[in-house]
Number of protein chains: 2
Amino acid sequence: MALALTFSASAQSARALPPQINKDNSVTLSCKAPDAKIVQVTGEISSGQATKDMVRDTNGVWTYTTSPLKSEMYYYLIKVDGVSVTDPLNSACIIDGGSHYSYVIVPGGVGDLYTPKHVPHGSVHKVWYTAKDLGYDRRMAIYTPPGYEQSKKKYPVLYLLHGAGGNEESWLTFGRTAQIMDNLLAEGKIKPMIVVMTSGSTKNQAAPGESPDEGLYRQISGSSYDTSYEVQFKDVLEYVEKSFRVIKKKSCRAIAGLSMGGEQAFQTALNYPDTFDYVGIFSGVPRVRTINGNELKVEIYENTLDKLDKEFQNGLKLYYIAVGVDDSLYKNSKWLRETLDSKGYPYVYNETSGGHSWRNWRLYLTDFTQRLFN
Amino acid sequence: MALALTFSASAQSARALPPQINKDNSVTLSCKAPDAKIVQVTGEISSGQATKDMVRDTNGVWTYTTSPLKSEMYYYLIKVDGVSVTDPLNSACIIDGGSHYSYVIVPGGVGDLYTPKHVPHGSVHKVWYTAKDLGYDRRMAIYTPPGYEQSKKKYPVLYLLHGAGGNEESWLTFGRTAQIMDNLLAEGKIKPMIVVMTSGSTKNQAAPGESPDEGLYRQISGSSYDTSYEVQFKDVLEYVEKSFRVIKKKSCRAIAGLSMGGEQAFQTALNYPDTFDYVGIFSGVPRVRTINGNELKVEIYENTLDKLDKEFQNGLKLYYIAVGVDDSLYKNSKWLRETLDSKGYPYVYNETSGGHSWRNWRLYLTDFTQRLFN
């Protein structure tokens, strides 16, 4: 019997399989590479995010089993003799900053929120608007809630901004926004809303493969800390409010962003007064822009503190700041909190463990959206 | 001078780069893999689609330059010590049948039609409909022409079906349908139309990563030659005609499909009489279903020839058959032509070089759509 079991296990191990989530929530990855010298796993999935060696069996199938993992979405790459690549056996693959990653979702906790379920599904639309000042059309992704197409209802809108290196698809791929919205809505935890995901790198027109100018093969990793995002935002707003059934009221508009998008959300809210009742800064870079110690005199970036006074004096329903204690931009969130505290302006603060990562941004989105449009 | 040039070439070759399209339309691929024993290129891009060795320089950067290529979209994989993977330096990556491929588009001919340009862009919508007989919601992709969102116009509709192993995204990724439609429309070669891309594998609800049941990591490669596609098509039709601004007339509906989708289009047109004025069979499997030599007695598949008579007696504007001379399904197209010929039913026949490949299906789409809704 022992012999039979051994034989069976050995025969099984000869097959390389897509990622297996084991009963204890460990994950087994495998790769058929009989001619490779060393095959490794790297990324969020291996403990401490270190590069871990896979183990070769006699048939040239390499495997690695993680320790039991917390429910979460984890991305990773396989390294074949030093070359980092996506897992050839895993259909689940996403792109950010022009690079691809494989991912797995471990169930039983927050991972369930990122997993497609048998619940009503919203739609995702990839649309193009004209950014007049930039002189070209740009692509954005829009989530509409289940039933949108067949109803006459109007909906509130969340404008959701990604970070440097991302594009209009980042919140859908790494951010799992469509699944989060579908699942939260099915649980009755959020109001039905439209989510508009723009591209924050204004040098880009669209994600890789979809853009006329940047070439198909590498994304221009242009960040847009140059006011161009905020200037062209009027075209986003105009397009959305003309093209989708939205409620055109301050009380039905929210804006939030992560990292670079956190500054863009901060600045957009300041420069579009009386437009948003809800503002979210996730691991953001809110700040007064300076040059040689003086405030930068550029229309969008000047008089930041005056605009902030005006924003709070006009009244708004929620100012939300979220950051992880290990985030390299923690100090920017702290500056914003201290600034608001010094003026007695109210805000909600969500300080979490962890750092500058999609794990946190998905959680912030989950928390923030439950506070909107109530 | 010769020395300087050599030095410069050597310094350059130390950088691995995204795919480079050279002036003579050859393509140079590269891969940094100092620790690999052998790095190769495989797929459509290498001559004869053979696996070709890349050449290592002293810095461990491997390169391969193709011969000058005809303008086209080519997919390929890199093999690192025997493991086939997508090109880590190429952002352009698509999925079919659960596997990923890198691709390049060589310009100067048909490749230009597959390339995003500065022309008005249509939108792409990923929506869910309820397949009542199957008992679950399914996802489809819908292209709407430029300006759809801001107009009140109604449009004709092309239902476009993929082959076995594909999903609702295949015509967008391998098929480049959005780019083809945008570019043909900008050239004034087609009428503005809506294109509905369903998922033909009825065991699947959605593409990998989007489906509740099939697991995130591997697509169920279920083909649907079991009437279930044709049965659930009524729900597709109902959803589209309720949710999008379409012209609900036979003269404004077309259906076309490739391979498995070619049979599904053939059968759907037969079983939804007076619904379509345009039918396209690309490398399809039109046939009379038999069992032990007798016609299969299943409602959707029975009385095929009678239904075909009825279809032509009702009148239709275009019956279109396209196939490559090397296609393994050539005989099915031949059977259909002979059947139509024997009855004197008119059709357009597009016989091309090549076989069962996306190269042909993109060309068939390009030709077919120019014949629609005139």
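Colleague: Which residue of β6(A) stands opposite R56(A)?
Modeller: Start with the strands. β5(A) and strand β6 (residues 61-65) of chain A run antiparallel and are joined by 2 bridges; two strands pair if DSSP finds at least two bridges between them. In β6(A), the residue opposite R56(A) is W62(A).

Colleague: What kind of model is this?
Modeller: Residues are numbered from 1 along each chain as its sequence is written, while chains are lettered from A and ligands numbered from 1 in the order in which they are written. Local features need pLDDT of at least 70, side-chain atom pairs count only at pLDDT 80 or more, and totals for chains, interfaces and linings use all residues, since the model is predicted.

Colleague: Which are the edge strands of the open sheet in chain A?
Modeller: This sheet has 4 strands in the order β1-β2-β6-β5 (chain A), with antiparallel pairing. Strands are DSSP runs of E, at least two residues long, and helices are runs of H or I, at least four; both are numbered from the N terminus. An edge strand pairs on one side only, and here these are β1 (20-21) and β5 (55-56) of chain A.

Colleague: In chain B, which residue of β6(B) stands opposite S30(B)?
Modeller: Chain B has an open sheet of 4 strands too, in the order β1-β2-β6-β5. Strand β2 (residues 27-32) and strand β6 (residues 61-65) of chain B run antiparallel, joined by 5 bridges. Opposite S30(B) stands T63(B).

Colleague: How many of the 9 residues of strand β7 of chain A are buried?
Modeller: A residue is buried if 20 or more other C-beta atoms lie within 10 Å of its own, exposed if 12 or fewer, and partly exposed in between, with C-beta atoms placed from the backbone. E72(A), Y74(A), Y76(A), I78(A) and V80(A) point one way from β7(A), M73(A), Y75(A), L77(A) and K79(A) the other way, and all are buried. Strand β7 (residues 72-80) is therefore largely enclosed by the rest of the structure, and the buried count is 9 of the 9.

Colleague: In β7(A), which residue is the bridge partner of Q40(A)?
Modeller: Strand β3 (residues 39-43) of chain A pairs with β7(A) in the antiparallel sense over 5 bridges. Q40(A) has as its bridge partner K79(A).

Colleague: And which residue of β10(A) is the bridge partner of Y76(A)?
Modeller: β7(A) and β10(A) also pair in the antiparallel sense, over 5 bridges. The bridge partner of Y76(A) is S102(A).

Colleague: Which residue takes a positive phi in the hairpin of β7(A) and β8(A)?
Modeller: These two strands pair in the antiparallel sense over 3 bridges. K79(A) stands opposite S84(A) in β8(A). The hairpin has 2 residues between the strands, and the one with a positive phi, near 45°, is D81(A).

Colleague: Which element gives the most residues to the side of chain A that touches chain B?
Modeller: The contact takes 49 residues from chain A and 49 residues from chain B; two residues are in contact if their C-beta atoms, placed from the backbone, lie within 7 Å. Among the elements of chain A that give two or more residues are β8 (83-85), β12 (136-144) and α5 (228-243). The top contributor, with 6 residues, is β11(A).

Colleague: In β11(B), which residue is the bridge partner of V124(A)?
Modeller: β11(A) and strand β11 (residues 123-131) of chain B run antiparallel, and 3 bridges join them. V124(A) is partnered by K126(B).

Colleague: In chain A, which residue has the C-alpha nearest the axis?
Modeller: Copies are superposed by least squares on the C-alpha atoms of residues with pLDDT of at least 70 in both. Chain A can be laid on chain B with an RMSD of 0.0 Å by a turn of 180° and a shift of 0.0 Å along the axis. That is the relation of a two-fold axis. The nearest C-alpha lies 2.1 Å from the axis and belongs to H125(A).

Colleague: How many residues of helix α4 of chain A are buried?
Modeller: Helix α4 (residues 177-186) of chain A is mostly covered. Its buried residues include T177(A), I180(A) and L185(A).

Colleague: Which residue just after α4(A) takes a positive phi?
Modeller: Look just past the helix. The phi there is about 70°, and the residue is G188(A).
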